[in-house]
Amino acid sequence: MFKLVSDYKPSGDQPDAIDKIVQGINSGMRAQTLLGVTGSGKTFTMANVIERVQRPTLVLAHNKTLAGQLYAEFKELFPENAVEYFISYYDYYQPEAYIASTDTYIEKDSSVNDEIDRMRHEATKSLLTREDTIVVASVSCIYGIGEKSDYLSLMLMLEVGLEIPRDAVMSQLINMQYDRNDFELKRGCFRCKGDILDIWTPDSENVVTRISFFGDEIDKISFVDAITGRTEFTRSFVEIFPASHYATGRSKLMKAIDRIDAELDTRLEYFREKGNPVAAYRLEQRTRYDMDMLNETGFCKGIENYSRHIAGRAEGEPPCTLMDFFPEDFLMFIDESHQTIPQVRAMYNGDRARKEMLVDYGFRLPSAFDNRPLKFDEFETRMGQTVFVSATPAQYEKDRSEQVVEQMIRPTGLLEPEIFIRPVEGQIEDILAELKAQISKGDKSLIMTLTKRMSEDLTAFLEKEGIRVTYLHSDIKAVERMQILNRLRNDEIDVIVGINLLREGIDLPEVSLLMILDADKEGFLRSETSLVQIIGRCARNENGRVILYADEVTDSMMNAVGETNRRREIQRKFNEEHGITPHTVKKAVRDVFDIVAESAGESSKGKSKSKKPKYDPERIINNGEFGGSAEDKDKLINKLTREMEQAAKDLEFEKAAEIRDIIIELKGTK
C-alpha cells in the first residue's frame, strides 16, 4: 500500500483539490488539470492523490533537473514504497549523424552514467514485481527500451532446493547479456568460484546475489555487500532480470538476423539501381559486421537500430517504452505540462530528420527509423488516466481535461502581485522614480527588456544615475550569472536588468517590483503564458508589484492581468476568512563557491556565509589566477570534479551543473 509520511497535513485549498481530483479519477475521467499557482504545494497534492487512489504512478517532467527535484520529494514522502527514477542515462551524448553538404560522418559518441543506468533497471524491475511503485521520469521515457515480453521471458527464477546445474545457470546468464568476470565483479557481471556463484544484477546498488550450490542443487541464496563481502540477508528465492533491456532469446535473435539480411539485400539492390555503389558498399560492410556480432555475442554497437527486427514488429509499429511496463490502470501526472507536452510532441520529428540523412546515404537500414520515440498520437493512447499539472496550462490541456481543479492558496498566505499598466512615453523617468523609492525601502527590483542592447543601454543609464545595477542575459557566463543573483540577495546591488529572466530559474524573495518593457510586443516572451509565469516571480514577496509599460493592451496582456487579478481575489478572500496575514518567503542565500574548501580536507558544509573562501572565484575566473600556480588550479579542478560527481550521485543536479560550469570556465582560463 502507498503510505504518505509527512509532518504536514493538506491545508488551504489543497484538501478540496485532492478530493476533486480523486473523485474525477474514481469516476473514470481520462484527463484533468491541476491549475496550481507557484508555491501552493502541487507536489504534496499529487502525493496525497496517489495515496488515496493506490495505483502505480508515472510522474513526467520536461527535464532532468525538475525530475530530480520531484524524485527527491516523492522519495521523502513515500519512504516505505518504491519511488524510482528514469531519465536518459547519458552524461554526454553525440548522436550518429551525417552532413551531406560537407560529406561529414559523425559517429555516435556517448558516456553512460552507471548510477542512472542502475536506477532505470531498478524502475522496470519494481514495475514488474511491485504494485506500490512511483516512477519519476523525464521525456526520455517515450523512447524504445527493448521488448517487455523478451525482458520477462529471460527472467531467471531461482529458489533454494531447485535442482539445476551451475553451468546451466551461467549459460542462461550469458544469454541475459551478463559478462563473466572472475577478477573484478561489477554490475551486469557474474563470477564463479567453486560452488559459489556471485551475480551483481544491474538494478542493485551495492549488494551481490550469492548462489551457493551443493552438487546440482541450490543450497542457499544470500545477499552480500559488494565491498565487505558481509552477508546482509538471505532469501528462499530470487528473481534475476536481464543485464540489458535489449536482451532477447537465441531463437528470436536468429530470426532477427534473417530479417536484417533480407532488408539489406533489398536496400543494396535499391542503391545499385540508383547508381550509388559507395552507399551500397558502406551499408553492406557495416550491416554484415553487425550481423556477425549479433550472431556471435548476441549484441552489437548500435543494436537499438535493429530493435524492430529483434522485437519482430511490423514497419512503423511503435516501440516498447517505459509506459508499456506499467499496468493498464496506472495513473499519470504531467508536471509543468505547458512545457512537457510540446516537448513530447516535437521529439519524433527531430529524431526522424536526423536519421533520414543516415538512411539516404547508406549508413543505416530504413528499419533504423523504428528505433524512435513515440509519435504524439501514440503517446496519447498510452497516457491512461492523466492529471496535467501547471500554473499556466496551455490550450491542449484545457481542451482535453474533463475538469480543471484550481489550487490558488499558498501556505505563506502570499497573494499574486498587483499589476499596473503605464504608457511607454516617459517610462525611463518613471522607472528611475520607482527604483529610488524601492531603494529607500531596502527592496530589490527586476527589469525585463526585449533585446540585449536595450538591457545594456538601460543599465549604463541607471549607473550614471547612481543606481547599483547590472544586466543579465545569455552572454553572461553561468558562474557570473549565479554571482549576480547572489549579489542582489546580499544587498550589493539593487536592480537586475535582463531579457528572459524566467529562463534563469530565478527565485528571489527580496524582489518586490518587476517592470516589463515592451509588454505589448506579442511573441514568445510576451505571450499570455510567459506573462503569467513572469508575474509570478513577484509572488514571493508580500509587497509584490508588477508594472507593464505598453502603448496598447494586447490580448495576452489583458488575459494575463485578468487571470492574475482573479487569483489574487481568491487568495485575498481566503486570507480574510481564515485570518491569515501574508508574509514574505525567507530563504537563505546560497553561495555556489562554498563548495571550495578553505583548506585540504575541510568540508564546505556549515561554513559561515560571511566567511571569504580561500580561493577568490572572481580572481580565478576573470584573471586566470590561482595562487600563482597552475598546479594549484589543477588541484582545484580535481576537487571540484569530485564534488560534481558526488552531487550527481546524490541527484543534486542543479548543484552538479553549477560546479560543472565552474570547471569549464576554470579550464578555459590561461
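Analyst: Let us begin with accessibility: a residue is buried under 20% relative accessible area, exposed over 50% and partly exposed in between, with a 1.4 Å probe and protein chains only. The model is predicted, so local features need pLDDT of at least 70 and side-chain atom pairs pLDDT 80 or more, whereas totals for chains, interfaces and linings use all residues. Residues are numbered from 1 along each chain as its sequence is written, and side-chain values use heavy atoms, with hydrogens and water left out.

User: Why is Asp150 called buried?

Analyst: Asp150 has a relative accessible area of 7%, and the limit for a buried residue is under 20%. Asp150 therefore counts as buried. Asp150 belongs to helix α5, residues 148–153; helices here are DSSP runs of H or I with at least four residues, strands are runs of E with at least two, and both are numbered from the N terminus.

User: What makes the pairing of the side chains of Asp150 and Lys252 a polar contact?

Analyst: The two side chains come to 2.8 Å. A polar contact needs a pair of N or O atoms within 3.5 Å; within protein, one must be able to donate a hydrogen and the other to accept it, and residues adjacent in sequence count only if both atoms are side-chain atoms. With neighbours within four places in sequence set aside, Asp150 is in contact (heavy atoms within 4.5 Å) with Ala247, Thr248, Lys252 and Ile310.

User: Which strands make up the open sheet of six, and what makes two of them edge strands?

Analyst: The order is β10-β11-β12-β13-β14-β15, with mixed pairing. Strands β10 and β15 (231–235) each pair on one side only, and are the edge strands. Helix α6 packs on this sheet, touching β10, β11 (189–193), β12 and β13, and its direction makes about 160° with that of β11. Such angles are taken between N-to-C directions, from 0 to 180 degrees, with axes as lines fitted to C-alpha atoms, for helices over the stretch in contact.

User: How does the reach of helix α17 compare with the value expected?

Analyst: Helix α17 (residues 555–578) has 24 residues and reaches 35 Å from first C-alpha to last, close to the expected 34 Å. The expected span is 1.5 Å times one less than the number of residues. Its buried residues include Met557, Val561 and Phe574, and what covers the buried residues includes β1 (31–36), β20 (418–422), α16 (528–535) and β25 (545–549). Just after α17, Gly579 has a positive phi of about 65°.

User: Why is the pair of Asp494 and Arg468 called a salt bridge?

Analyst: The closest N and O atoms are 3.0 Å apart, and a salt bridge needs a side-chain nitrogen of Lys or Arg within 4 Å of a carboxyl oxygen of Asp or Glu. The pair ties together parts that are 26 residues apart in sequence, since Asp494 lies in the loop between α15 (478–489) and β23 (495–498) and Arg468 in the loop between α14 (452–464) and β22 (469–472). Asp494, at 6%, is buried, whereas Arg468, at 35%, is partly exposed.

User: Which salt bridge joins Arg410 to a partner, and how many are found in the whole structure?

Analyst: Arg410 pairs with Glu416, with closest N and O atoms 2.6 Å apart, and both residues are buried. The whole structure has 51 salt bridges.

How values were computed:
Two strands pair if DSSP finds at least two bridges between them.
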